[in-house]
Amino acid sequence: MSVWEELAAGFDTRDLRDLFVPAALYVLATLDSAFVGYREAAGRSALIRKGAYYRRALLRGALWGQAAVGLALLVFAALYVLTGERAAFVGALLEAGRRMLTVYVPYALVVLAAFAVRAAPSVDVRSLTSTLVFGPFLFARPALVAAGVVWGFCAARRWDAAALLLFVLAEMLLLERLLGRLRARRALNRAGEV
Amino acid sequence: MLFGTKEQPEISDEIVSYDPSTLARGRVRKGEVESLFESLGNRRAARIVRSLPERGGFLDPDAVDRLLVNVHCEMQRMSEEFQHGRRVLELLSALVAAVGAKRRLRVVDLGCGTGYVIRWLAACGRVGGRVELIGADYNAALVGEARRLAGEEGLDCSFVVANAFRLAEPADVLLSTGVLHHFRGEALVELFRQHEASRASGFLHFDFQPSPIAPLGSWLFHRIRMRQPLARHDGVLSAVRAHPAPTLLSAARAGAPSFRASMYATRLWGTPIPRAFHAVVGARGEVWERFVRGLGRRAARLDDREGGGAR
C-alpha cells in the first residue's frame, strides 16, 4: 500500500467529521492569521483614512497564514513518513483536532459576534466591544492557544502528534513577531535606499 | 504594574524641556531624569530613560523626538478604538453652533501631539459652520509629523508650534485630549485662568476618568496594544494621575469664572459604570445657554455638580 493510500485509509471519508476537523482548523488558522496581520499593522500608521492599509494588512496576514499551514503540512508529511503507525497517528491527530476545536470555535464565535456588535452606530457600544471582548480576549489569546494544544495533546498522547501540535503552537504564537521583523527589515531597506 | 502615587511624573514630561516664553527646546540631562525616577522608586521608568540615546550626558533630542512620534502613533490607536473623534464631534458641533459667529471660527487643539483629533475632524468634515481647525503643540517634531500626515491626506487643517493661548489670531473654542492630567494642583487652575484671559467662547477638554478599574483597564489596553515601553508606562500612569470630575470642575470655576462649566458623559447610559474618558466643557454666558439647547436630549449627560454623577 502506498503512502497516499495509507493516508486516505487513515481518514474515513465516509465520516464527514473527519473532513470537517482539518477544514475547520484551516478556516480558523486563516482567520486568526488575518487578524494577526491586522494587529501587527495597527498602531504603525497615523493616517486617518486607512481602510486600504488595514485590508492589505489582513490579506498579508492571511497569506502568511497559508505559508504557516503549508509548513505544518510539511511537518505532518515528514512525521507521517517516519512514524510506524500511520493510521493511529492520523486518528490521534483527528481526535486532538476535535478537542482543539472545542476551545477555538467558541473563542472565534465570541470575537466574530463582537465584530457584528461593533457595527452598531453607537460610540459607547463600539467602545464596549474593545473593553469587554477584544482587549481581554486578545490578552488571553496566547494562553488559550496553548490550552487548545494541551487539550488536544491529552487526547493524542503520541510523540509524533505532540511534535506537530508543538510546531503549530509555535507558529500561532510567533507569526505576529515574524511579521513585525519583516516590516522592520523592509523599513531598513527603504532607509538604505534613501 | 501600578504606581504608588498619583504625583509620579510621566516619562514623556521629563525627557523634554521647553522655555515657556520662547518655546526654545532645552537640553535634558539624562542622569538627572534617571535619578528623579530612582528617587521616586520607579525603577521601570529609570530603566526606560537609561535606554534612551544620549549625547554628552544629555538626552539626544532627535532620538527623543523619534520616540515621541512613534508613541503618539501608537496612542492614536486608542483614540481610534474608542471612537474619540466622534465623541469630540458630538460636543464640538454643538459648541460651534452655539458660538455661531459670522466670521470663521477658530478651533484650537492645545497639546495636539500629532494632531489626531484635528485631522479626524478635518477628514470627517462635519463640524458645521465655517471652522478653522488648528493644532498647537510645543514639540516641533510632533507638529511636523501632524503637518506631514495632514498633507498626505489633503486635509484642511493646520498645525503650529505655539502656546495655544498666545496665537496671533486667538482661538474661539479650545479643546484638548489627555492633556489636563499633566497640570497638577495650582497649574490646573492657572490653565483655566488662561482660558479666562483669552478670547475663547468655549472649551472642551477630554481626559481619562479615574475609577477603581481604570488603572487595570489601562494596563490591559496598553499591555496588549502598545509596543514602546514608554507608551505602556505613561499610558497606565495617565489613568492613575487623571483628575476626578470634582477637581476639574472646581479648577475650571476657580480659574475661568466667566464660563459656565460642566462635566459631560461621565457614566455609561445612566448606570454607575464609568466611561473611560470624561470631558469638562465650558462656555461663556449666553453661549452656554445655546449650547445646552443645541445638545437636546444629550443635555441630560451634563452634570455641573462638583460631586459628579452625570450620565
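The model is predicted: local features need pLDDT of at least 70, side-chain atom pairs count only at pLDDT 80 or more, and totals for chains, interfaces and linings use all residues. Residues are numbered from 1 along each chain as its sequence is written, chains are lettered from A and ligands numbered from 1 in the order in which they are written, and side-chain values use heavy atoms, with hydrogens and water left out.

Reader: Which pattern does chain A follow along the sequence?

Author: Helices (H or I, at least four residues) and strands (E, at least two) are DSSP runs, numbered from the N terminus. Chain A has 6 helices and 0 strands. Its pattern is therefore written α-α-α-α-α-α.

Reader: What area do chain A and chain B bury between them?

Author: Contact means heavy atoms within 4.5 Å, and 27 residues of chain A are in contact with 28 residues of chain B. Buried area is the accessible area (1.4 Å probe) that two parts lose on being put together, summed over both. For chain A and chain B, 56% of this area lies on carbon and sulfur atoms, and the total is about 2500 Å².

Reader: Which residue of chain A meets the side chain of Arg87(B) in a salt bridge?

Author: A salt bridge is a side-chain nitrogen of Lys or Arg within 4 Å of a carboxyl oxygen of Asp or Glu. The pair with Arg87(B) has an N to O distance of 3.1 Å, and it joins two chains because Arg87(B) lies in helix 5 (residues 84-99) of chain B and its partner in helix 5 of chain A. Arg275(B) meets that partner too, at 2.4 Å. The residue is Asp124(A).

Reader: How many residues apart in sequence are the parts tied together by Arg183(A) and Glu40(A)?

Author: The closest N and O atoms of this salt bridge are 2.8 Å apart. Buried means under 20% relative accessible area, exposed over 50%, and partly exposed in between (1.4 Å probe, protein chains only); Arg183(A) counts as buried at 16%, and Glu40(A) counts as buried at 2%. Arg183(A) lies in helix 6 (residues 159-193) of chain A and Glu40(A) in helix 2 of chain A, so the parts they tie together are 143 residues apart in sequence.
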